[in-house]
Every structure is written in C-alpha cells, then in structure tokens.
Amino acid sequence: MTRDDLEGEEFRDTYTDAVAELIEAKREHREPSVAPEPAVGSGQLVDLTAALRQSLSKAESGGEATGHADVHDMPKKRAAKK
C-alpha cells in the first residue's frame with residue numbers, strides 16, 4: 001500500500017475502499033451501500049467427485065502409472081534413558 005509505482009485500475013485496493021465506506025456509513029448512522037455482484041469469471045467448474053472416480057478407474061485398470069511408493073516398517077521406538 002506504500003508503493004507509488006503501481007498505477008492503474010487492476011491495482012486498486014477495493015477492500016480498503018469498502019471498509020472505508022462501511023466506517024463512513026456507521027459514523028453517519030446509515031446502512032452501507034450494497035456491494036456490486038462480482039463479474040462472472042471465466043474459470044471452469046470441475047466436478048471433483050467425477051474426476052476422482054475417473055482417476056481411480058484409470059488406476060485400477062492399469063491405464064495410468066500409479067506411482068506406488070515403497071512401504072517400509074517404521075523403526076522401533078527406543079526406551080527413554082532415565
């Protein structure tokens with residue numbers, strides 16, 4: 001928040017602006033303005049359950065390297081010295 005070389009709309013601190021608006025509304029004993037709905041992102045929604053089932057299905061059928069790790073016995077705990 002102390003750098004002056006960050007200019008432009010993409011560097012605007014909307015959180016601080018919203019908190020300042022909230023504080024001002026509280027001081028004036030009025031309801032704060034309603035925040036606008038965020039823009040719809042272009043990200044994809046992924047059904048994680050379906051992706052997991054597909055991954056497990058591939059692993060069980062041998063269609064994909066599973067990368068199994070070697071399993072070793074844990075060393076025995078030594079008795080504490082008194």
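The model is predicted. Two salt bridges are found when the whole structure is searched, and shared partners link Glu21, Glu28 and Arg30 into one network. Helix α2 comprises residues 48-61.

**Salt bridges**

- Arg30 pairs with Glu21 in a salt bridge, with 3.4 Å between the closest N and O atoms.
- A salt bridge also connects the side chains of Arg30 and Glu28, at an N to O distance of 2.7 Å.

**Exposure of the network residues**

- Arg30 has a relative accessible area of 35% and is partly exposed.
- Glu21 is partly exposed, its relative accessible area being 29%.
- Glu28 has a relative accessibility of 43%, so this residue counts as partly exposed.
- Partly exposed residues lie between the cut-offs of 20% for buried and 50% for exposed.

**Helix α2**

- At the start of α2, a side-chain oxygen of Asp47 comes to within 3.3 Å of the backbone nitrogen of Thr49.
- Gly62 follows α2 and has a positive phi, near 80°.

Technical notes. Residues are numbered from 1 along each chain as its sequence is written. This is a predicted model: local features need pLDDT of at least 70, side-chain atom pairs count only at pLDDT 80 or more; totals for chains, interfaces and linings use all residues. Side-chain values use heavy atoms; hydrogens and water are left out. A salt bridge is a side-chain nitrogen of Lys or Arg within 4 Å of a carboxyl oxygen of Asp or Glu. Buried means under 20% relative accessible area, exposed over 50%, partly exposed in between (1.4 Å probe, protein chains only). Helices (H or I, at least four residues) and strands (E, at least two) are DSSP runs, numbered from the N terminus. The expected span of a helix is 1.5 Å times one less than its number of residues. A polar contact is a pair of N or O atoms within 3.5 Å; within protein, one must be able to donate a hydrogen and the other to accept it, and residues adjacent in sequence count only if both atoms are side-chain atoms.
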